[in-house]
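Please look through the model below before reading on. My notes concern its fold, its surface and its aromatic contacts.

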Amino acid sequence: MVNWGSNMKCGNHLHVRCMAHILNFIVQDGMKEVGPFIKRVRQMVKYVRQSPARIRKFAECCELKNIDSKKSLCLDVSTQWNSTYLMLDAAQHFESAFDRFYLEDGGLSTYLANHVCEDGSVAGVLESDDWQKVRNMVIFLKRFYDLTKKASGSLYVTSNGHFEDIIDLHNYLREYPRNKLENVGDALENMFGDEKGSEIKDEMVTYMKSMFEEYVAKFSNASRCSSSLSDLSGQTSNTYISNNSTKSSNVRNRIQMKRNKQDSTGLGGKLELKKYLSEELEPNDDDDNFDILSWWKAHSPRYKILSKMEFFDSEIGASCYLSSRLAS
């Protein structure tokens, strides 16, 4: 990369932790605190799957309870939480069949009460609220499961959603809105506390400035792009975008026409980075149709330097900066 002339910031922003790997650690750590109901479900599934006779008996219980599910019982690997999620998700559809099987096969209750699990403990007999706990756990783990799948994607860009996904997960866990520098600061302070969050925001802004200046030195032919960045902090949009704003491309086109007109009447002389951060937000895209690469391609004439940076949008910058901190 040095030989290609593309080793920006000496490669400091290239070494980052894998978000999916971090999520895995988080859930694995949390699963240690979960009650024994997961062990009981695991032992029940294991018991049913141990012999063809039990599988046939369980199928009869499903017929008696009119269960017509396309899912099938699967046994998890206790050290892989995603497989535990899939096991619980499948098992909850067969609750009434398990209850029937529990009554008809006395060996199941004996197995639960006496069989020693992998960790040396005994799961114990089924309790009255175990299935409600299973349903609650499935709902809870689905957030992490879906986010892990999204973050692990290789055929689409993941970095532009990184910071927003972290905030969304944080809000889900702790029971709070988004975009550009001001809201990034609010989110960081909400996550880490006022003092630490403000410190991280300042460090991120400093890093953002230095990265931009390096791109200016490399790509810019216009002297206006190398002017001072000292008033960058706090330059954010005052424009309010309604939550009910339409997601159609027509809205984006109208916004783009408005911005092009503004550029032609004087805004074109503003510093790129400050101008980008001060502009209004894009309409919300709850249907995940927003293509970050196409957006930057369309806006490259207005942002000649920023469009060459791999990770802009301040949210992307924030997530890359936070990842680099985690990696170090």
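The numbered points below go from the overall fold to single side chains.

1. This is a predicted model. The protein has 14 helices and 0 strands, and read along the sequence the pattern is α-α-α-α-α-α-α-α-α-α-α-α-α-α.

2. The protein has 328 residues, of which 41% are buried. Its accessible surface is about 18400 Å², and carbon and sulfur atoms account for 50% of that area.

3. How many aromatic pairs does a search of the whole structure find? The search gives 8. One of them joins Phe140 and Phe144, with 5.3 Å from centre to centre and 55 degrees between the planes. The pair counts as tilted, because edge-to-face would require an angle over 60 degrees and stacked one under 30.

4. Phe140 and Phe144 both belong to helix H7, which covers residues 130-151. They are 4 residues apart, about one turn of the helix.

5. Are these two side chains buried or exposed? Phe144 has a relative accessible area of 3% and is therefore buried, the cut-off being under 20%. Phe140 is at 31% relative accessibility, so it counts as partly exposed.

6. Which residues form the aromatic cluster? Tyr47, Phe58, Phe94, Phe98, Phe101, Tyr111 and Trp131 make up one cluster.

Technical notes
Residues numbered from 1 in each chain as written. Predicted model: local features only at pLDDT ≥ 70, side-chain atom pairs only at ≥ 80, totals over all residues. Heavy atoms only, no water. Phe/Tyr/Trp six-rings, centres within 6.5 Å; stacked < 30°, edge-to-face > 60°. Helix = DSSP H or I, 4+ residues; strand = E, 2+ residues; numbered from the N terminus. Buried < 20%, exposed > 50% of the residue type's maximum accessible area, 1.4 Å probe, protein only. Areas by Shrake-Rupley, 256 points an atom, 1.4 Å probe, with all protein chains shown as cover.
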